Amino acid sequence: MDAVEALSERTRRAQEVAGEALGRVVRPAATEPGDRSLDTLAQLDQKDRKASRLVNRARRMFATKPMAVRLAELRGSLEQQYRNAIYCASRLTQEGARIRGKYCGTRWCLVCSAIRTAKLIRVYEPILKTWEHPCFVTLTVPNCSANELFGVIKRIVEVLRLIQRSMRRTHKVPLVGVRKLECTFNERRLDFHPHLHLIVENKAIAELVVKLWLKRFPECSPAAQDVRPTDAQGVKELFKYFTKLTTRVTTASGKSISRRIPTEALDVIFQAMVGRRVYQPMGFTVDAPDEDAPIDPTDTTVAAEERPEPVLWDWEQSVADWVDRSTGETLTGYVPAAEFRKFVEGWSSGETGGQTAPLWKNPRSGADVPDK
Ligand SMILES: [Zn+2]
């Protein structure tokens, strides 16, 4: 603990003691650390200290709940799974300093994604660190419509597998890397951009992959593919999210603002990703957590302070925190910044920040789209 932390810890304790004297516990408000979008929220790394980890978790809970409600209200094929995210970690049980809860494990839950991301980085980072000249590769195809998305994702994943085989058999350059499947939504054109990111062992592999990709997709622009050297930061970039929840748009007055991606578009992306691995090691194996599995209930979080008696903490969206109903005390003290609260509550009101959501019929909610 450094001096600043020690000081703030003492301040916190002093506030608590004073609060207890007043008959209630007062905690320091953990306010919004600057202007963080939902995307950076999904990538907050696992180095956060124990106390602030719970604050970050509260922040993710606060953002996930209304989003999951909106997604479930679309009544598509993932409705039940979106509902699971609504109830994720809704009750935490504290015994001593240990906090346990039931986590949904779904991909659209920002709480569970963050837990899984931390685990993935722990598994992959030591391996990638042994590569002397790792390269970050981006492989793209032209944007597609909602109806085409499932087929296009299937195709790009298959093509990369074929390239891997051809590199091993024909080119004698084994593809060693980590593949990530990502999809973003283009707000202006109302279409989708599925693409692959890879971190590969060296530049020779990277360049060969791009060359073979362009051979398989002659309609693709070489300028839309990318190879660049990377480092430990690139590893973290790779694991941050598989779809953005916001887009940055420029208003008429020239101001750049963050805007929610329409729920309908997110639902299309999540449905197209069902059964697809977001991350795949290529040319080596890892003991990585299953991307769709529930989070191990034995996963525990350590509370800022130990309790002599067991405490039940219930999530309360209006407070943006878990609350001990018997005392009214909150668990983390998280207080969303006004701007962030407005952003998150926009999910509930359904407004997308000035734009009309594209209300297309979801291709995966009705009859199955034939595989291409
Ligand atoms: Zn969850």
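Reader: Which residues have the most contacts inside the largest nonpolar core?

Author: Happy to start there, with a word on the source: this is a predicted model, in which local features need pLDDT of at least 70, side-chain atom pairs count only at pLDDT 80 or more, and totals for chains, interfaces and linings use all residues. Residues are numbered from 1 along each chain as its sequence is written. A nonpolar core is a set of buried Ala, Val, Leu, Ile, Met, Phe, Trp, Tyr and Cys residues joined through C-beta atoms within 7 Å. The largest one has 87 residues, and those with the most contacts inside it are Val 111, Val 137, Val 200, Val 209 and Ile 269.

Reader: Which helix gives the most to this core?

Author: Helices (H or I, at least four residues) and strands (E, at least two) are DSSP runs, numbered from the N terminus. The core draws at least three residues from each of domain 1 (3–104 + 295–336) and domain 2 (116–282), with bounds that come from an automatic or database domain assignment. With ten residues, the top contributor is helix α3 (residues 50–73).

Reader: What is Val 111 in contact with, leaving aside its neighbours within four places in sequence?

Author: Two residues are in contact if their C-beta atoms, placed from the backbone, lie within 7 Å. By that rule, the partners of Val 111 beyond those neighbours are Arg 57, Arg 60, Met 61, Thr 64, Cys 88, Ala 89 and Tyr 103.

Reader: How much of the chain counts as buried?

Author: A residue is buried if 20 or more other C-beta atoms lie within 10 Å of its own, exposed if 12 or fewer, and partly exposed in between, again with C-beta atoms placed from the backbone. Of the 372 residues of the chain, the share that counts as buried is 36%.

Reader: In what order do the strands of the five-stranded sheet come?

Author: Two strands pair if DSSP finds at least two bridges between them. In this open sheet the pairing is antiparallel, and the order is β6-β3-β5-β4-β9.

Reader: Why is one side of β6 and of β9 left without a neighbour in the sheet?

Author: β6 (226–229) and β9 (279–282) each have a single partner strand, so one side of each has no neighbour in the sheet. In other words, both stand at the edges.

Reader: How many bridges join β4 to β5?

Author: β4 (residues 177–186) and β5 (residues 191–200) run antiparallel. Val 178 stands opposite Ile 199 in β5. For comparison, β3 and β5 are joined by six bridges, with Thr 138 opposite His 197, while β3 and β6 pair over four. Between β4 and β5 the number of bridges is ten.

Reader: At about what angle does helix α7 run to β3?

Author: Axes are lines fitted to C-alpha atoms, for helices over the stretch in contact, and angles run from 0 to 180 degrees between N-to-C directions. Helix α9 (residues 263–273) lies across β4 and β5, at about 150° to β4. Helix α7 (residues 203–216) lies across β3 (135–140), β4, β5 and β6, and its angle to β3 is about 5°.

Reader: What do the buried residues of α7 pack against?

Author: The buried residues are Ile 205, Ala 206, Val 209, Val 210, Leu 212 and Trp 213. An α-helix has 3.6 residues a turn, so residues three or four places apart point the same way. The buried residues of α7 pack against β3, α6 (146–169), β4, β5 and β6.

Reader: Which are the edge strands of the four-stranded sheet?

Author: This open sheet has the order β2-β10-β11-β12, with antiparallel pairing. Three bridges join β10 (residues 301–316) to β11 (residues 321–324), and two join β11 to β12 (residues 329–330). Pairing on one side only, the edge strands are β2 (91–101) and β12.

Reader: Which residue takes a positive phi in the hairpin of β11 and β12?

Author: The hairpin of β10 and β11 has four residues between the strands, and there Ala 320 takes a positive phi near 60°. The hairpin of β11 and β12 also has four residues between its strands, and the residue with a positive phi, near 80°, is Gly 328.
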